[in-house]
Amino acid sequence: MVILNLSFVLQVLQGYIVTLVAWLYWSRYVSSLLISWGQYISSFIKRTPSQKPKEETGASLKRLMGYMQPFFWRFVAVLILVFLSSYGEMAIPQYTGRMADWIMNEEAPDAFTEAITIMTLMTIASAVLEFICDLTYNITMSRIHTSVQGVVFQAVLKQEIAFFDATSTGELVSRITTDTNSVSEALSEELSLLMWYTARFGFLLFYMVSQSWKMTLLTCMGLPIIWVIPKLTGRFHQTIAVQVQESLAKANQVATETFSNMKTVRSFANEDGETEKYRLRLEDTYALNKKEAAAYAASTWANSAVMRYYPQVKKAIGASEKIFEYLDRKPQVPPDGTLAPENLQGHIQFKNVTFSYNGKLNEENLVLKVCTNLSCPGQITALVGLNRSGKSTCVKLLERFYQPIGGEILLDGKPLKSYKDQYLHDKIAVVSQECVLFARSVRENIKYGYEHASDEEMHRAANLASAHKFIMELPNKYDTDAGEKGGQVSGGQKQRIAIARALIRRPKVLILDNATSDLDTENEYQVHQALTDQAKDCSVLLISNKMSVVEKASHIIVIDRGMVKEEGNHEELMNNKGLYAGLVEKQNKSCFRNEEELN
Ligand SMILES: Nc1ncnc2c1ncn2[C@@H]1O[C@H](COP(=O)(O)OP(=O)(O)OP(=O)(O)O)[C@@H](O)[C@H]1O
């Protein structure tokens, strides 16, 4: 009798414990889920249009959603799977209840087996559906991520050259990599949360109310308190995320700049200096990260793990605003022209062209004030002058990197801006002193932007540039890797490859801006000989600091502080005894001195 009574008491006690644990679990889970869902939905509904940051968040989110439209049907399939899986998940507590019934009431042994079987089947089915759903969802999201990244990259490439002058490479790389990653994650999580929370909330509420509306009410009572903290931390995260992105971009800038100028860093033995600079930038990021970590810890502490996504999503949407800055930025370039004549002579005229880099035309800021014929078909025209006199600026205007502020540049008598951009860059080829090669094969470098060219055309261009011979001696000939920034070949070889890259497109205007400065006398002579032959078919504009190179030009323009001071051929200018004669004399003297020193 005593044993029977003891067994009965134990069973009742067990029943109470199971019920209590189930209630605690149920209540914690339900409240966190309810809060998450409530917050998520309210973040959509409660947006006050007068508050700018919220408006921006909404707009960013709306635009992000735009990238998902092409995948509409895939999302429908995912949604169905989410509903089925949530149904299975939310039904489990009901069967946990049936197990408790069995413990309380041993007369119904079938209830236990039935509950366990259904629970097992539902758990497996729910897990399988969740797996398929996550797989489909993540693949789709990766696709969207790639397309967002591509769009941002394209938007950046379309910007005018002045934008690249003002924006650091590190910042650009950061936007395209780190920021797009954050945005894609935000996009992914926002939608995932919306689907899962809505589905789970729906089924959960249904089960809860069907069990007991009073318990439902009790469970919901704790909501307002824990509602506030993640909301505040979420807002803080959003602000700090922007600062973190900016600080990371600055650190990236130091790294990119250091690696791309490694030789300069080494030759000044400034590795420690750069390391310190990078460390200081990282310190700034670290300080911001600490604040971010505090906000994260507060939100995690305030609620269960389900809640942690909310501030993160807010943070990532903050990052997306930076990306949209680029996407929305209208490039300051005039609309593309329409002219693409079959026959181009290559006659370039600067008609009262004025230009300054900052848009101001006062004497202090003015860089160019030029009125002259810059190139004539079948001729080599040389542009000479002291450093900073504006020679390279003329070239940049010809390439349409910048727009003249006043006057007009004419190509074959028609405004330069009326030509198609692609056409113009095909017809005007520029080789500059700092010619950049890509970390690709020599073949790819020569055919850069002109991939359809045949190997014969490539060989012809390389021969003209005196490059074919040395390329054939490279380990893999034309397939040899030129290395990062052309680091696997010498300066002179790099210039010859760059000249071949310009010549392959048979340009009508060939501009050589100190392009042979790294060549030895023998190679320079060969290249110039080839260019003189080439000049029969096009106009060549030669910028060089070597007077021995310049003197062979049919026409020489002397430029000083942005203005044309003298024009003519070598003899005429020497007879003038002006600026040009002075430059030649200075160079002769320094050559003579060098020879004497050598002797
Ligand atoms: N991107 C730029 N932004 C602002 N100012 C610039 C920029 N590029 C050149 N300048 C300025 O414009 C002026 C003319 O420079 P430019 O490079 O055209 O001279 P250059 O005659 O080619 O000189 P060098 O012989 O040294 O190459 C200089 O004062 C230079 O500092």
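Strand 3, residues 380-384, is largely enclosed by the rest of the structure, because five of its five residues are buried. In this predicted model, burial applies to both faces of the strand. Ile380, Ala382 and Val384 lie on one side, Thr381 and Leu383 lie on the other, and all are buried.

The pairing of the strand comes next. Strand 3 runs parallel to strand 8, residues 539-543, and the two are joined by four bridges. Within this pairing, Thr381 has Leu541 of strand 8 as its bridge partner. Strand 3 also pairs with strand 9, residues 555-560, again in the parallel sense and through four bridges. Here Leu383 is the residue that stands opposite Ile557.

Another part of the chain carries an annotation from a record. The unreviewed UniProt entry gives "transmembrane region" for residues 6-26, 71-92, 112-133 and 215-233. One of these segments, residues 71-92, can be compared with the model: the chain there is 95% helix and 0% strand.

The protein has a mean pLDDT of 77, with 75% of its residues at 70 or more. The scores for the model are ipTM 0.96 and pTM 0.66. Over residues 44-55, pLDDT stays under 50, and the model has four contacts for this stretch beyond four places in sequence. Where pLDDT is low, predicted coordinates should not be read in detail.

Definitions and conventions:
Residues are numbered from 1 along each chain as its sequence is written. This is a predicted model: local features need pLDDT of at least 70, side-chain atom pairs count only at pLDDT 80 or more; totals for chains, interfaces and linings use all residues. A residue is buried if 20 or more other C-beta atoms lie within 10 Å of its own, exposed if 12 or fewer, and partly exposed in between; C-beta atoms are placed from the backbone. Two strands pair if DSSP finds at least two bridges between them. UniProt positions are given in the numbering used here, feature names are shortened, and annotations may be inferred rather than shown by experiment. pLDDT is the predictor's confidence in each residue, from 0 to 100. Two residues are in contact if their C-beta atoms, placed from the backbone, lie within 7 Å.
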